[in-house]
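The points are grouped by topic and may be read alongside the structure.

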Amino acid sequence: MEDSAPRRSRAAFAGLVGVSQVLGLASVVLTGVWMGHFRGGFAWNGSKQEFNIHPLCMVLGLVFLHGDVFPLSPCLCLSASPAILVYRVFHNEPKKNVKLLHGIIHLLALIMSIVGFVAVFDYHRAAKIPDMYSLHSWCGMTTLILFCLQWVMGLMFFLFPVASAWLRASYLPVHVFCGLALLVMSVGTSLLGITETLLFNIMPTYSKFTPEGVLANVLGILLVCFGLVLGHLMTREEYRRPPNPEEEALSVHFKTLTDGGSPTTP
């Protein structure tokens, strides 16, 4: 009976992870259907078909893959800190391997996002459309820049640490906040982009519940639900990665720093 609560917690965690993956994959598939079926497909020739690459890459990169790695610090197993989905799912794997997986998925998300940005700028240039005038574009560029900085800082501070322990401890809360903020910004920017695309293309018929409008609205709801489920997974203490000797040492080390002492090891 003593193990019943942890067992229920593990079952709930596994179920929520599965739900998050279904929501994320469904969002990617709906984006592909929207751009492929309703907007004419994909191409890299400066046409509207090249623009269609942009939303697909952004949902796949900045939302789905980004949400799966949830780019916070690899040390978030420490007390009072939310953990990353990758770290919680693979909590029995060696931490170095999970760090590498975290970095690889994050890199894939970054590459997809850059491809999406290049596609929309190339389309604007070919169609002689001004760049960076809408709220969607401002939020999107800010999100991408912060995403790049987050990845670089994660490499420098946690995957291949070049900073001192004191700097890593000082940067950890910033890294946590930026990871949470980036997920919110990615979903919010996607919602702005969905609305902007609908108003540009089907504004006269949007209010008549046309199939394209309904599909895009459902996509927006899926993105919101994806973000909410991930947020729940990241903030529940019982789902965090169990500590191991390496992490216990880090916890003691950071506690010494927090209490105002000096670490005995670099």
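Helices in this briefing are DSSP runs of H or I with at least four residues, numbered from the N terminus. The model is predicted. By this assignment the chain has 9 helices and 0 strands, and Leu 25, for example, is found in helix 1.

**Overall architecture**

- Read along the sequence, the chain follows the pattern α-α-α-α-α-α-α-α-α.
- The chain has 266 residues, of which 45% are buried.

**Annotated transmembrane regions**

- An unreviewed UniProt entry places the feature "transmembrane region" at residues 12–35, 69–88, 100–121, 141–160, 172–194 and 214–234.
- In the model, the span 12–35 is 100% helix and 0% strand, and its end C-alpha atoms lie 35 Å apart.
- The span 172–194 is likewise 100% helix and 0% strand, with 33 Å between its end C-alpha atoms.

- The C-alpha atoms of Leu 25 and Leu 222 are separated by 9.7 Å, although the two residues are 197 apart along the chain.
- Leu 182 is found in helix 7 and counts as buried because its relative accessibility is 1%.
- Leu 182 and Phe 147 are 35 residues apart in sequence, and their C-alpha atoms are 7.0 Å apart in space.

**Salt bridges**

- The structure holds 2 salt bridges.
- One of them joins the side chains of Glu 212 and Arg 39, at 2.8 Å from N to O.
- Glu 212 lies in helix 8 and Arg 39 in the loop between helix 1 and helix 2, so this pair ties together parts that are 173 residues apart in sequence.
- Glu 212 is buried, with a relative accessible area of 7%, whereas Arg 39 counts as partly exposed at 21% relative accessibility.
- A salt bridge is also formed by Arg 125 with Asp 122, whose closest N and O atoms are 2.4 Å apart.
- Arg 125 and Asp 122 are separated by about one helical turn, because they are 3 residues apart in helix 5.
- Arg 125 is exposed, with a relative accessible area of 56%.

**Largest pocket**

- The largest pocket has a volume of about 740 Å³.
- It is lined by 37 residues, and the closest to its centre are Phe 51, His 54, Val 120, His 136 and Glu 196.
- The elements that give two or more residues to this lining are helix 1, helix 2, helix 3 (53–69), helix 5 (95–127), helix 6 (135–159) and helix 7 (165–206).
- Helix 7 provides the largest share of the lining, with 9 residues.

- Trp 44 is placed in the loop between helix 1 (4–38) and helix 2 (48–51).
- Trp 44 counts as partly exposed, at 47% relative accessibility.

- Which residue in the loop between helix 5 and helix 6 has its place described here? The residue is Lys 128, whose phi is near 55°, a positive value in a residue other than glycine.
- Lys 128 counts as exposed, at 74% relative accessibility.
- Phe 209 is not a glycine either, and its phi is also positive, at about 55°.
- Phe 209 lies in the loop between helix 7 and helix 8 (211–235).
- With a relative accessible area of 69%, Phe 209 is exposed, because the cut-off for that class is over 50%.

Technical notes:
Residues numbered from 1 in each chain as written. Predicted model: local features only at pLDDT ≥ 70, side-chain atom pairs only at ≥ 80, totals over all residues. Heavy atoms only, no water. UniProt positions renumbered as here; feature names shortened; annotations may be inferred. Buried < 20%, exposed > 50% of the residue type's maximum accessible area, 1.4 Å probe, protein only. 1 Å grid on protein atoms, 1.4 Å probe; cavity = no way out; pocket = protein on both sides within 12 Å on 5 of 7 lines; lining within 4 Å. Points joined across faces, edges and corners; volume = space filled by probe spheres on them. Salt bridge = Lys/Arg side-chain N within 4 Å of Asp/Glu carboxyl O.
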